[in-house]
Amino acid sequence: MKTTLKNKIGKLSLGLSIGFIILFIFRLTTEKEETVVATPIFQQTESLESNLEIRKNYATKRHSVALGQAPMLVDQKYEKIADIQSISTVFDRDEDQLRKYVADYNGLIQFENKNGNSGYRSLNLTIGVPPEHFDAIYQQLIQIGTIQAKQITKKDKTNEYKELRAKKLSLEKIRTSLINLKAEGGRIEEYIQLENRILEIEQQLQALGVSLGNFDEENEFCTVKFSLTERKVTHTDLSQRIISAFLWTLSTYLQLMTVLLLIAGFSYLIVSTIEKLRKK
């Protein structure tokens, strides 16, 4: 009887030990040798650009509208922006690939901010892209690094463009009228007031010229904002991996044994209760 009990205990101990060893080996072989360490994300492109005069990018799309018998072409002015945020563990390689795509698709870097030491670097680019290349370069850029966020926003700017043109025409008419008044002569005070007013209008026209220049078809671009943040990779040596795997296995194994014991105890109570009910 004692020998049989010892054999059962021995087999049970052997089975439990084998289970522990299998679980330990599984954890050790699946545990990663490299760990990506989170690094602080630097100031994003939007807040950096807010302190600078960054060119607005607009594009034109022609729509055919049917008016009676003859169709008419209508120009739509729009702004299209792609925002892409990515992290990289091979920062130099991904940066080179990013700049290569910009060159391949005739893009123009309109804003650039790069900071941080090796392992903790961040690169923010605002890229002007010809409208016909926008979709193609977007598909290439979202393959760089590990994408954390991406979105495309398109806004109609036709009314804004028309309002700027109307305002420019109105100011030009006022300027012409003031110049004609100045030619009629008058008091020195009136002449000075006219000159100051003409100067103000000239300044407004210059500002409008810059805004309207962004809509010129010769300078048409869509915008891609790309943020690349480096993540540092640390290598774990074998002794650390063994200790980590052992502690994980011990904790997991004890939890499994506790659950099994609870299940066994609960099952025993149910079976005992059923047998007592049957005897009654």
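**Helix packing, salt bridges and surface of the predicted chain**

In this predicted model, the buried residues of helix H6 pack against helix H5 (158-183). Helices (H or I, at least four residues) and strands (E, at least two) are DSSP runs numbered from the N terminus, and contact means heavy atoms within 4.5 Å. The residues of H6 that count as buried are Leu194, Ile198, Ile201, Leu205, Leu208, Leu212 and Gly213. Buried stands for under 20% relative accessible area, exposed for over 50%, and partly exposed for values in between (1.4 Å probe, protein chains only). Helix H6 comprises 26 residues (188-213) and, at 1.5 Å a residue, should span 38 Å, which agrees with the 37 Å between its end C-alpha atoms. The expected span is 1.5 Å times one less than the number of residues in the helix.

Residues are numbered from 1 along each chain as its sequence is written. Because the model is predicted, local features need pLDDT of at least 70 and side-chain atom pairs count only at pLDDT 80 or more, while totals for chains, interfaces and linings use all residues; side-chain values use heavy atoms, with hydrogens and water left out.

The secondary structure of the chain comes to seven helices and eight strands. Of its 280 residues, 29% count as buried. Among contacts between residues at least 6 apart in sequence, 78% join residues at least 24 apart.

Twelve salt bridges were found in a search of the whole structure, a salt bridge being a side-chain nitrogen of Lys or Arg within 4 Å of a carboxyl oxygen of Asp or Glu. One of them joins the side chains of glutamate 79 and lysine 157, with an N to O distance of 3.9 Å. Glutamate 79 lies in strand S3 (residues 70-88) and lysine 157 in the loop between strand S6 (146-156) and H5, so this pair ties together parts that are 78 residues apart in sequence. Glutamate 79 counts as buried, at 8% relative accessibility, and lysine 157 is also buried, with a relative accessible area of 15%.

Arginine 99 is partly exposed, with a relative accessible area of 27%, whereas glutamate 95 is buried at 7%. Salt bridges that share partners join Glu95, Arg99, Glu112 and Lys114 into one network. In the loop between H3 and strand S4 (108-115) lies asparagine 106, a residue other than glycine with a positive phi, near 55 degrees.

The chain exposes about 19,100 Å², of which carbon and sulfur atoms supply 57%; accessible areas come from the Shrake-Rupley method with a 1.4 Å probe, and for residues only the protein chains shown count as cover. A nonpolar surface patch is formed by Ile243, Phe246, Leu247, Leu250 and Leu254, with about 470 Å² of accessible area together. Patches are made of residues with over 30% relative accessible area and no salt bridge, like charges being joined within 9 Å and nonpolar side chains (Val, Leu, Ile, Met, Phe, Trp, Tyr) within 5 Å. Phenylalanine 246 lies in helix H7 (residues 238-279) and is partly exposed, with a relative accessible area of 39%.
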